[in-house]
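Please keep the model in view while reading.

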Amino acid sequence: MSNFTRRALVATTLFAPAVARAQITRPVRLIVPFAAGGGSDTLARLLSVPLSERLGQPVVVENRAGAGSQIGAEAVMRSAPDGTTLLLGDTPLATIPAVQVAGGRPAPFDAARDFTAVSALAIAPALVVVGGQSRFRTLTELLAAARANPAAIDFASAGVASSTHLILELLQMRAGVRVTHVPYRGAAPAVQDVLAGTVQATIMALATAAPLVQSGQIRVIGIAAEQRIAAMPDVPTLKEQGVDLVSGFWWGVLGPLGIPDPVLAQLVTAIEASMASEAMTSRLPALGLNRLALGPADFRAMLASETRRWGEVVQAAGIKPE
């Protein structure tokens, strides 16, 4: 058990006496700041079933897409802090502020300061992938080609300042290479051009990559994790290939600032129990997700750390929003 997990369990235990005094008596909206059908939406809909049972109230998933998740996030930030409007947040919460500032606009929020961090849920390592017919079998081979001729390697992302773009920039910094960044309007068209061989590589999460790997349409050449993953035991980590980089995508539940402690305690306890339920534990591995059990304090600290980390990447890479 990790230190983070221990602290999260301790925090949940300390909250327990307050739960009896808390009452969420209305349906709960769980806002997903992306369109239906994506990874965040899938996770939210899976969670909503056991969470409804444990709260004793319907949990309704509502998609509020736009501006790279900013629209949905701001809707939650402006809502009443009564525990009935929650956000299924992910990595862009930590990247949006720095990107907006880089574009000459004020940061719309600080994730650690302007929301109530309720509970982290899951994390997935970033995968470096190439087309199934690519000549590159490992990340080491691709990086060698980039060093020999940077203009020859095109690397797709889901868009300028997207999570995949920022991970790519961090990869280049840690590997000491440059490639040609090709931004797309979303992950789907980026992946399609990798399949077609129009661009050499991109960055994905396992949930999206798995069926394409199984069909032979793409090949994973590196995993940005501390150690190899059970789903792909033959694929080396980036560290094994000389690049000191651990990064990926995370998800968690947040609410507006000011949720009363008893209500927060009720939410934390219900989410912890929901994530430990068979309905969730049986599905997370298939989605390429690992449980990230962080209570409010540790989740808030993670949000602050991630915001600093990606802010430094945005500044160092000179990224500007489109």
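The lining of the second largest pocket draws at least two residues from each of strand E4 (115-125), strand E10 (248-256) and helix H12 (296-317). Helices (H or I, at least four residues) and strands (E, at least two) are DSSP runs, numbered from the N terminus. The model is predicted: local features need pLDDT of at least 70, side-chain atom pairs count only at pLDDT 80 or more, and totals for chains, interfaces and linings use all residues. Residues are numbered from 1 along each chain as its sequence is written, and side-chain values use heavy atoms, without hydrogens and water.

The lining holds 24 residues; Ile123, Pro125, Ala225, Glu226 and Asn290 lie nearest the centre of this pocket. A pocket is an open set of points on a 1 Å grid over the protein atoms alone, where a 1.4 Å probe fits, with protein on both sides within 12 Å along at least five of seven lines; lining residues have an atom within 4 Å of a point.

Strand E5 (residues 127-131) is largely enclosed by the rest of the structure, because 5 of its 5 residues are buried (under 20% relative accessible area, 1.4 Å probe, protein chains only).

The whole structure has 2 aromatic pairs. Rings of Phe, Tyr and Trp (its six-membered ring) pair with centres within 6.5 Å; planes over 60 degrees apart count as edge-to-face.

| Edge-to-face pair | Centre to centre | Angle between planes |
|---|---|---|
| Phenylalanine 109 and phenylalanine 115 | 5.5 Å | 80° |
| Tryptophan 250 and phenylalanine 299 | 6.2 Å | 85° |

Tryptophan 250 lies in strand E10 and phenylalanine 299 in helix H12, so their pair ties together parts 49 residues apart in sequence. Both tryptophan 250 and phenylalanine 299 are buried.

Note on methods: Buried < 20%, exposed > 50% of the residue type's maximum accessible area, 1.4 Å probe, protein only. Phe/Tyr/Trp six-rings, centres within 6.5 Å; stacked < 30°, edge-to-face > 60°.
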